[in-house]
Amino acid sequence: MKLVRFGPLGKEKPGLLDDSGRVRDLSSIIPDLSDEHLSLATMAKLNELDMNSLPLVDGVPQEDLRLGACVANVGKFVCIGLNYADHAAESGMPVPAEPVIFNKWTSAIVGPNDDVKIPKGSEKTDWEVELGIVIGEGGSDISEADAMQHVAGFCVINDVSERAFQLEGTGTWDKGKGCDTFGPTGPWLVTPDEVGDFNDLGIWLEVDGKRYQNGSTSTMVFKVPHLIAYCSRYMSLQPGDIISTGTPPGVGLGFNPPIYLKGGEEMKLGIDKLGVQCQKVVKA
């Protein structure tokens with residue numbers, strides 16, 4: 001299934017993408033794509049629905065029908081750094097011996113086609129396309145063997161980053177990662193059965209039509225089950241939490257000289273089977 005949240009900002013409803021690419025309204029079945037409604041039991045229930053019996057929503061998604069972030073009420077937005085060896089190299093950092101964990105604040109989350117705002121004082125705003133894992137069943141000390149039993153689905157994330165805030169001065173990476181609008185999420189929450197082999201998905205990003213990132217999840221250093229198990233050692237994972245799994249090479253920081261967003265650009269990014277995002281970059 002491809003699950004969505006549609007409608008005006010702050011008034012999104014849950015929906016299901018039908019075989020023709022139109023949205024069907026799920027709000028009579030579940031109140032939102034959040035919390036216990038992301039459980040495997042709920043996913044199984046939704047999968048049994050006759051989608052053609054659900055109300056058809058007016059408009060074409062991502063054209064004249066706005067989509068919000070594909071999960072609501074996110075508790076934790078956990079990110080993994082340097083999870084592609086070639087991205088670590090372009091960043092001038094060694095491949096880590098274990099996953100590097102940092103956070104994006106949940107206030108960064110926006111829809112897949114909402115504007116990305118360059119924060120005040122920024123001179124080094126950058127892009128990062130990433131595979132997102134949405135937790136459906138909570139737990140702690142999860143084993144790798146059981147990890148996929150905790151996954152509601154996958155989605156596209158743009159881990160927008162302000163490199164000066166992140167890497168210069170003092171403090172942690174978090175302050176350069178969690179600015180408002182720095183977490184476009186969606187368009188779809190795609191269930192694992194529809195994704196298939198999540199270890200071999202094409203992943204790419206363009207700015208103003210020029211492709212900068214063009215990779216595959218097959219080159220991730222730490223794979224999805226390991227990341228779920230690892231994170232769950234240090235925090236309980238709860239329904240609706242997102243784990244963003246790192247980015248392939250081609251970020252602006254990696255060029256000589258570096259290339260950063262100034263405002264007015266259009267970012268377009270996607271992952272095989274998970275859909276495409278498109279954001280206009282504006283100055284705050």
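Which residues lie nearest the centre of the largest pocket? They are Arg5, Glu12, Ala69, Val71 and Ile109, among 13 lining residues. The model is predicted: local features need pLDDT of at least 70, side-chain atom pairs count only at pLDDT 80 or more, and totals for chains, interfaces and linings use all residues. Residues are numbered from 1 along each chain as its sequence is written, and side-chain values use heavy atoms, with hydrogens and water left out.

The protein has 5 helices and 18 strands. These elements are DSSP runs numbered from the N terminus (helices H or I, at least four residues; strands E, at least two). The radius of gyration is 18 Å, close to the 19 Å that the globule rule gives for 284 residues, so the protein is as compact as a globular protein of that length. The radius is taken over C-alpha atoms, and the rule is 2.2 Å times the number of residues to the power 0.38. Along the principal axes, the C-alpha atoms fill a box of roughly 55 × 45 × 30 Å. Of the 284 residues, 56% are buried. Buried means under 20% relative accessible area, exposed over 50%, and partly exposed in between (1.4 Å probe, protein chains only).

The largest nonpolar core holds 50 residues. Such a core is a set of buried Ala, Val, Leu, Ile, Met, Phe, Trp, Tyr and Cys residues joined through side-chain atoms within 4.5 Å. Phe154, Ile228, Ile243 and Leu274 touch the most other members. Elements giving two or more residues to this core include β1 (2-6), β10 (151-158) and α5 (224-234). A second, separate core of 24 residues includes Leu3, Leu16, Leu189 and Ile242.

Helix α5 is mostly covered, with 9 of its 11 residues buried. Among the buried ones are His226, Ile228 and Tyr230. The cover includes β4, β5 (100-103), β9, β10 and β16 (242-244). Ile228 touches Ile133, Ile142, Ala147, Val151, Leu237 and Ile243, not counting residues up to four places away in sequence. Contact here means heavy atoms within 4.5 Å.

The largest pocket has a volume of about 150 Å³. Its lining has 7 nonpolar, 3 polar and 3 charged residues. The classes are nonpolar (Ala, Val, Leu, Ile, Met, Phe, Trp, Tyr, Cys and Pro), charged (Asp, Glu, Lys and Arg) and polar (the others, Gly among them). On a 1 Å grid over the protein atoms alone, a cavity is a set of points where a 1.4 Å probe fits but cannot get out, and a pocket is an open set with protein on both sides within 12 Å along at least five of seven lines; lining residues have an atom within 4 Å of a point. Grid points are joined across faces, edges and corners, and a volume is the space filled by probe spheres set on the points.

There is 1 cavity of 30 Å³ or more. The volume of the largest cavity is about 120 Å³. Its 18 lining residues include Leu82, His87, Glu128, Gln166 and Trp173, which lie nearest the centre. Helix α3 gives the largest share of this lining, 3 residues.

Leu82 lies in the loop between β4 and α2 (85-90). Its phi is near 55°, a positive value in a residue other than glycine. At 9% relative accessibility, Leu82 is buried. Asp35 has a positive phi near 50°, and is partly exposed at 31%.

Two peptide bonds are described as cis: Gly186 to Pro187, with omega near 20°, and Asn256 to Pro257, with omega about 0°.
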